[in-house]
Amino acid sequence: MRAERFLRWWLIALNLGLIGAGALLAGLGSPRALFLIVLVPIAFAPFSYARARLHHGLAQAVGGGRAWLIAALGMLLDAVMVAQLLNARAADAPAWLNGSVIGWIGPVWFSAHALLFFGYLLAGAGRALRVVLRRALARSPRAAQPAAARRALGRREFLQQAGIVGAAAPFAISLSGVSLSYDFRVDEHEIELPHWPRSLDGLRVAHLSDIHVGGGMNHQRLHRVAELTIKARPDLVLHSGDFLTHRSGDFDAPLYEALARLHPPYGQWACLGNHDFDDPDRLARRLRDAGVTLLRDGVATVAVGGQALEIAGFDFLFARGERGQRYRQILSAWSPRRAPRLLLNHDPSAFADLPDDCADLVLSGHTHGGHIGIQLGPEHAVTVIGLAGIPDQGVFRRGDLRLFVTRCVGFYGYPIRVGIPPEIALLVLRAPRSAPA
């Protein structure tokens with residue numbers, strides 16, 4: 001019991017320390033202040049609840065000095081996780097924090113407890129429902145009380161032991177995401193577009209998104225992504241944003257080295273994602289030097305075998321309620337559309353706000369394929385985000401307008417990928433079969 005009380009005080013101090021760090025950063029004028037302060041109630045308080053519940057179950061099972069050993073080990077992992085969080089944007093962060101093994105401690109430790117937290121919520125809801133049903137169906141509670149008490153005691157002991165075994169499942173799931181997160185693959189998707197011309201039938205587009213250079217997305221892995229993209233033989237490469245990870249310093253140099261290796265016949269084009277606004281002008285310059293043209297609410301025209309093709313890109317809009325109006329304003333400022341158009345827009349949830357005639361195909365990322373779920377094939381999955389009604393991956397339709405959402409290349413922060421692999425999407429664009437030659 002002393003170990004449990006000590007752990008509770010440790011977790012309280014952890015949460016208060018993060019709030020204090022946020023207050024200190026606010027006094028220094030840092031934009032990360034609000035992030036740290038908001039992080040406590042929405043992330044670290046649930047994490048702490050799951051930590052305390054898990055330790056309570058383990059302490060009851062092992063008892064004595066082993067409970068102190070478990071508490072000490074857990075606090076060490078907590079400290080590593082918080083150190084990784086606080087140094088996430090530092091240019092001079094200790095190298096060992098992002099090592100090949102230690103670098104995964106924070107993501108796995110946090111994501112496992114996040115899964116535990118939701119598991120505890122579901123279990124609590126199930127127990128509450130069972131109590132309500134038992135009370136509603138009970139006929140003679142007094143006569144059944146001794147036997148029921150014995151059954152409840154035996155069931156409680158069984159559930160306690162099963163709960164300890166079941167608590168290992170979130171850690172196993174999180175650890176499985178370590179290898180999955182960088183299991184890069186090229187998935188080919190044929191997309192028929194209602195008004196796509198025969199002259200562009202079979203156009204091969206490599207769609208990359210959410211690379212999130214930094215941390216685990218290092219030089220070696222970025223060059224692996226470039227190598228796979230080159231082997232896919234795309235006609236052009238389109239990036240739908242989130243190149244960065246909100247870090248400082250020259251951490252992003254490997255990104256531009258990798259992108260400079262790509263030389264598709266019709267160039268590389270990109271838009272900005274929500275993580276790309278620390279210094280967008282610098283990012284635009286570095287991308288341009290690497291051969292990538294950044295489209296900031298702009299449109300460009302390229303000639304593909306004599307056929308004009310428009311490529312457009314929107315900046316990420318943080319004000320969701322203004323998206324429809326803002327998109328109409330941008331489109332009205334462009335020249336009248338005279339060619340097929342591909343539109344880059346980072347957030348797929350904005351698909352509903354786009355004008356009907358804005359493009360033939362919209363390309364988005366942002367949702368990382370749903371992040372957590374079961375991948376049933378290259379184009380089908382069951383994900384938490386998808387069940388919530390948000391476009392997670394694959395092709396979506398609205399009239400003659402089409403949206404493709406990639407599973408993305410990298411991931412950002414916590415939790416790591418669970419069940420959803422990354423993707424280098426190769427899109428083969430097809431004219432309708434009934435289209436005239």
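A salt bridge is taken here as a side-chain nitrogen of Lys or Arg within 4 Å of a carboxyl oxygen of Asp or Glu. The model is predicted, so local features need pLDDT of at least 70 and side-chain atom pairs count only at pLDDT 80 or more, whereas totals for chains, interfaces and linings use all residues. Residues are numbered from 1 along each chain as its sequence is written, and side-chain values use heavy atoms, with hydrogens and water left out.

**View 1. Salt bridge between Asp353 and Arg323.** The N-to-O distance between the two side chains is 3.0 Å. Asp353 belongs to the loop between strand E8 (341–344) and E9, while Arg323 belongs to helix H10 (residues 323–333), so the pair ties together parts that are 30 residues apart in sequence. Helices (H or I, at least four residues) and strands (E, at least two) are DSSP runs, numbered from the N terminus. Arg323 is buried, with a relative accessible area of 5%, whereas Asp353 is partly exposed at 27%. For these terms, buried means under 20% relative accessible area, exposed over 50%, and partly exposed in between (1.4 Å probe, protein chains only).

**View 2. Salt bridge between Arg282 and Asp252.** The side chains meet at 2.7 Å, N to O. Arg282 is in helix H9 (residues 280–289) and Asp252 in the loop between strand E3 (236–239) and helix H8 (253–259); the pair links distant parts of the chain, 30 residues apart. Asp252 is buried at 0% relative accessibility, and Arg282 is partly exposed at 23%. Through shared partners, salt bridges join Asp250, Asp252, Arg282 and Arg286 into one network.

**View 3. Salt bridge between Glu227 and Lys231.** The closest N and O atoms of this pair are 3.5 Å apart. Both residues lie in helix H7 (residues 219–231), four residues apart, and are thus separated by about one helical turn. Glu227 is partly exposed, with a relative accessible area of 30%; Lys231 is exposed at 58%. The whole structure contains 19 salt bridges.

**View 4. Open sheet in the order E1-E14-E2-E3-E4-E5.** The six strands show mixed pairing, where two strands pair if DSSP finds at least two bridges between them. Strand E1 (186–192) and strand E5 (292–294) are the edge strands, each pairing on one side only. From one strand to the next, the twist averages 25 degrees. Strand E2 (residues 203–208) and strand E14 (residues 424–430) are antiparallel partners over five bridges, and Val205 has Leu427 in E14 as its bridge partner.

**View 5. Open sheet in the order E6-E7-E8-E9-E13-E12.** Pairing among these six strands is also mixed. Strand E6 (298–304) and strand E12 (394–398) stand at the edges with a single partner strand each, so one side of each is left without a neighbour in the sheet. The twist averages 20 degrees from one strand to the next. Strand E9 (residues 361–364) pairs with strand E13 (residues 401–405) in the parallel sense over four bridges; Leu361 stands opposite Arg402 in E13.

**View 6. Packing of helix H1 (residues 2–27) with helix H2 (residues 32–62).** The two axes come within 9 Å and cross at roughly 175 degrees. Axes are lines fitted to C-alpha atoms, for helices over the stretch in contact, and angles run from 0 to 180 degrees between N-to-C directions. H1 and H2 are therefore roughly antiparallel to each other, a term applied to angles over 145 degrees.

Technical notes: Parallel < 35°, antiparallel > 145°, perpendicular 65-115°, else oblique.
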